[in-house]
Amino acid sequence: MNTGAKITAFAAALAAAFGGAYGIGAAVGPSGAPAKPPATGGHTGHEEEAAPAADAPGGLQVSDGGHTFALETPTLPAGGGALRFSIKDAAGRKVTAFTPEQGKELHLVVASRDLTVYRHLHPVKAADGTWTARADLPAAGPYKAFADFKPAAPGSRALTLGADVSVPGECAPKPLPAPAPTARVDGYEVRLGGTLDPGKPGELRFTVSRGGKPVTDLEPYLGAYGHLVALRAGDLAYLHVHPNEGGPGPDVSFAATAPSAGAYRLFLDFRHEGEVRTAAFTVRAGGSGASVPEDGGAEHGAGGHEHG
């Protein structure tokens, strides 16, 4: 089976979404059932087709709103490489003007299809509208890139578009990490509390500590004290949300709603002492929600940040 077929087989049609947040971003995932996120939908890969429903989740489409995520490097060598792309308008021209959001003209996230690798990248834009970012992808297999942006043209809306990326070689998808109440990364411990229930709002709370002491001097990152990306296991649907007001720790909280039961992977970015770190969690909407047993174990961060 070729890589494209593997990617298609791996992606299941699932549904989910988040709304509201205290950190800067979040991503979630439906693909079958409509949710209520802002207009950040995705596309199936064809530039000319019926417009998606206004409440479709983001990241599932490569084209939407008259714009296309044109990935010039859909295949990267083992270990990663330079990811190059552009955003094209309906006439096929590269877009060069964007409205900055959360301090950036465009946000780029790359995740492995099994959700064990996560990269929040900061690409650099050339004068002709070509973006470049170094993507360190440690293992062979299928990945997905997400471009989150708002063109500066009058009447444009914010969009999140997704495109497949692959690293050739033998690969075996890893199972989704089990839910756990804490994640440890670089000496920090991040504890997750709250619930995630289908069809009704709940609160997710992340508490950051180091050496057993709460971290009360988190530093702003992209305009807030936390940045959350959440991806639905299976289809990797993505939704970007915006922060509520809050202080510099130790707690960072998000209001979230999952319209369907299922597994989600959460990636919390936080900055302290000048460095951004990522804590990763698995949660399940429905049943026990996002709350996990005290003895669920601890998970190490599985994310990364790179500059283009």
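Predicted model: local features only at pLDDT ≥ 70, side-chain atom pairs only at ≥ 80, totals over all residues.
Residues are numbered from 1 along each chain as its sequence is written, and side-chain values use heavy atoms, with hydrogens and water left out. Strands here are DSSP runs of at least two residues, numbered from the N terminus.

**The E14-E16-E17 sheet**
- Three strands make up an open sheet in the order E14-E16-E17, paired antiparallel; two strands count as paired if DSSP finds at least two bridges between them.
- E14 (227-232) and E17 sit at the edges with a single partner strand each, so one side of each has no neighbour in the sheet.
- On average, neighbouring strands of this sheet are turned by 20° against each other, direction ignored; the axes behind that angle are lines fitted to C-alpha atoms.
- E16 (residues 262-272) and E17 share 11 bridges in the antiparallel sense.

**Ala 279**
- Ala 279 belongs to strand E17 (residues 275-285), and Ala 279 is the bridge partner of Leu 268.
- Ala 279 has 0% relative accessibility, so it counts as buried (under 20% relative accessible area, with a 1.4 Å probe and protein chains only).
- From Ala 279 to Arg 191 it's 88 residues in sequence and 9.4 Å in space, C-alpha to C-alpha.

- Strand E9 (residues 159-167) has 8 of its 9 residues buried, so the rest of the structure largely encloses it.

- In general, most residues other than glycine have a negative phi, and most peptide bonds are trans.
- The Gly 249 to Pro 250 peptide bond is cis, with omega near 5°, and Pro 250 lies in the loop between E14 and strand E15 (251-256).
- Leu 236 is in the loop between E14 and E15 too; its phi is positive, near 60°, and Leu 236 is buried at 0% relative accessibility.
- Gln 102 also has a positive phi, near 50°; you'll find Gln 102 in the loop between strand E3 (81-88) and strand E4 (106-112), buried with a relative accessible area of 16%.

Note on methods. Helix = DSSP H or I, 4+ residues; strand = E, 2+ residues; numbered from the N terminus. Buried < 20%, exposed > 50% of the residue type's maximum accessible area, 1.4 Å probe, protein only. Axes fitted to C-alpha atoms, helices over the stretch in contact; angles between N-to-C directions.
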